[in-house]
Amino acid sequence: MTVIKHEHMTPKELADWLTQEHEMVDALAATLSERVALVPRANEQAWIDGVRKAFEHFRAHMTKHIALEEHGGYMEPVLDQRAALAPQVARLKHEHKEIVTLMNATNTLLEDLQPHDYLIMRDICHRVQDILRYVDHHRQTENMLLLSAFTDEIGTKD
């Protein structure tokens, strides 16, 4: 992940950066989604280890991704371009905090998970699937925000 400085990026470069970041999130999310698709009935420890590893990769990347979006990412340029979008930017920032809180709570459950904790395994699968849906919706909202702020500058308006 590259640290960006928004004041040196064109709107097109900013959109390209965010697209690359989202593609990485999507790849990590796909791996994680496969891991939690089914609760195992055998080899539970191997399943737990695999979910822990995939979730930690996803969580670490999302934490860095969120920090970069908020510090040097798209938020300041959006506000510079269209100050009226401040409520939407504030909502996305708040969602960042919620996503991190949910990831941390799920990670705590994963750290303590034992092979005989079948109900907790099921709960973790549902939690992870929910987090992945929240992140996907959040990403779509970010994309719409960027389009709204920079439509003229990235050449999508006739």
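Q: Are α1 and α2 roughly parallel or roughly antiparallel to each other?
A: α1 and α2 are roughly antiparallel (an angle over 145 degrees, on a scale from 0 to 180 between N-to-C directions). This is a predicted model, where local features need pLDDT of at least 70 and side-chain atom pairs 80 or more, while totals for chains, interfaces and linings use all residues. Residues are numbered from 1 along each chain, and side-chain values use heavy atoms, without hydrogens or water.

Q: At what angle do the axes of α1 and α2 cross?
A: Two packed helices are described by the angle and the distance between their axes. The axes of α1 and α2 (lines fitted to C-alpha atoms over the stretch in contact) cross at roughly 160° and come within 9 Å. Helices here are DSSP runs of H or I, at least four residues, numbered from the N terminus.

Q: Which residues of α1 and α2 meet?
A: Contact means heavy atoms within 4.5 Å. From α1, W17, L18, E21, H22, M24, V25, L28, A29, T31, L32 and R35 take part, and they meet α2 residues including W47, G50, V51, F55, F58, M62, H65 and E69. By class, this contact has 14 nonpolar, six polar and three charged residues (Ala, Val, Leu, Ile, Met, Phe, Trp, Tyr, Cys and Pro are nonpolar, Asp, Glu, Lys and Arg charged, the others polar).

Q: How far apart are the axes of α2 and α4?
A: Helix α2 (residues 44-70) and helix α4 (residues 86-112) have axes 10 Å apart and pack at about 160°. They are therefore roughly antiparallel to each other. Among the α2 residues that meet α4 are F55, R59, M62, I66 and E69, while α4 brings residues including K93, H96, I99, M103 and L110. The contact of α2 with α4 has nine nonpolar, five polar and eight charged residues.

Q: How do the axes of α1 and α5 cross?
A: The axes of α1 and α5 cross at roughly 170° and come within 11 Å, so α1 and α5 are roughly antiparallel. On α1, P11, L14, L18, H22, V25, D26, A29, L32 and S33 meet V128, L132, V135, R139, E142, N143, L146 and F150 in α5. These residues divide into 11 nonpolar, three polar and three charged.

Q: How many cavities of 30 Å³ or more are there?
A: A cavity is a set of points on a 1 Å grid over the protein atoms alone where a 1.4 Å probe fits but cannot get out. The count here comes to one cavity of 30 Å³ or more. The largest cavity holds about 70 Å³ of space (the volume filled by probe spheres set on the points).

Q: Which residues line the largest cavity?
A: Lining residues have an atom within 4 Å of a point. They are H22, V25, M62, H65, I66, E69, H96, I99, V135, H138, R139 and E142. α1 (11-35), α2, α4 and α5 (118-150) each give two or more residues to this lining. By class, the lining has five nonpolar, four polar and three charged residues.

Technical notes: Angles under 35 degrees count as roughly parallel, over 145 as roughly antiparallel, 65 to 115 as roughly perpendicular and the rest as oblique. On a 1 Å grid over the protein atoms alone, a cavity is a set of points where a 1.4 Å probe fits but cannot get out, and a pocket is an open set with protein on both sides within 12 Å along at least five of seven lines; lining residues have an atom within 4 Å of a point.
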